[in-house]
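I open this notebook to record what I looked up in one structure, entry by entry.

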Amino acid sequence: MKKLLPFLAACLVLALSSFIGLRPAAEGYQVGDKAADFKLKNVDGKLMSLADNKAAKGYIVVFTCNTCPYAKAYEQRIIDLNTKYAAKGYPVVAINPNDPAVAPGDSFADMQKRAKDKKYAFPYLQDETQQVARQYGATRTPHLYVLTRQGNDFVVSYIGAIDDNSEDAKLVKTRYLENAMTDIMAGKPASVNSTKAIGCTIKWKRA
């Protein structure tokens, strides 16, 4: 019986993960990896890829959603990041990886409403198959990836969180992403290029 306990415990964890829509993502990108391009539907109904913006020096790719409390807490900060960095060649690209069957408030129609209500000045893309989230290795909302252009490629230069306070922007002590961007725009590697993403788990499709 004792030998069976670890096996039974593992089975229970897998069953619960499937039930609540949590499924481990692939390992995904590491800093220094080339990011593959994608084509995802924006809230305006058009397909968008990284290659579309020829003037971009890079992107701040953020996996986020409508429903997660952490994503909501960071929403204005994401808007502010786009305001600050888009003009410098690093626009925000927001991607919603959640399965709306698991998180009904993350349907495409709800994404369109959110983007309109909050006046998003950046793309808000639906990762309907969740393939892009898996490719990146995203596990949370929000989960950020800074990409920098190297020739025709985009290379991952930072992965993780925006800052060190998910609850109150006024109490932030360390702005991880902005510090990384300062280094990157100066032509240097980010001194801190990876931090732990804090947020809700991505709602994966049920098996």
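This is a predicted model: local features need pLDDT of at least 70, side-chain atom pairs count only at pLDDT 80 or more; totals for chains, interfaces and linings use all residues.

Over the ring of which residue does the charged end of Arg-134 sit? I find it over Trp-204, 4.2 Å from the ring centre, where a charge sits over a ring if NZ of Lys or CZ of Arg is within 6 Å of the ring centre and within 35 degrees of the ring normal.

**Entry on conventions.** Residues are numbered from 1 along each chain as its sequence is written, and side-chain values use heavy atoms, with hydrogens and water left out.

**Entry on the sheet.** I looked up the strand order and found 7 strands in an open sheet, β2-β1-β5-β4-β3-β7-β8, with mixed pairing; helices (H or I, at least four residues) and strands (E, at least two) are DSSP runs numbered from the N terminus, and two strands pair if DSSP finds at least two bridges between them. β2 (47–48) and β8 (153–160) stand at the edges with a single partner strand each, so one side of each has no neighbour in the sheet. Strand β1 (residues 40–42) runs antiparallel to β2 and is joined to it by 2 bridges, and Lys-41 stands opposite Leu-47 in β2. I also note that Lys-41 lies over the face of Phe-108, at 4.2 Å from the ring centre.

**Entry on helix α3.** The buried residues of α3 are Phe-108, Met-111 and Ala-115, where buried means under 20% relative accessible area, exposed over 50% and partly exposed in between (1.4 Å probe, protein chains only). They cover an arc of only 55° around the axis, which puts them on the same side of α3; the arc is that of the directions from the helix axis to the C-beta atoms. Their cover includes β1, β4 and β5, whereas the face turned away from the buried side carries the exposed residues Ala-109, Lys-113 and Lys-116. After α3 comes Lys-119, with a positive phi near 55°.

**Entry on aromatic pairs.** Searching the whole structure, I find 7 aromatic pairs, meaning that rings of Phe, Tyr and Trp (its six-membered ring) have centres within 6.5 Å, with planes under 30 degrees apart counted as stacked, over 60 as edge-to-face and the rest as tilted. The rings of Phe-63 and Tyr-136 have centres 5.4 Å apart and planes at 65°, so this pair is edge-to-face. Phe-63 lies in strand β3 and Tyr-136 in helix α4 (residues 131–136), so the pair ties together parts 73 residues apart in sequence. Tyr-136 also forms an edge-to-face pair with Tyr-145, at 5.1 Å centre to centre and 85° between the planes, and both of these tyrosines are buried. Tyr-29, Phe-63, Tyr-136 and Tyr-145 form one aromatic cluster.

**Entry on Ala-197.** Is this residue, at 10% relative accessibility, buried or exposed? I count Ala-197 as buried, and I place it in the loop between α5 and β9 (200–201). Not counting residues up to four places away in sequence, Ala-197 touches Arg-140, Pro-142, His-143, Gly-160 and Ala-161, contact meaning heavy atoms within 4.5 Å.
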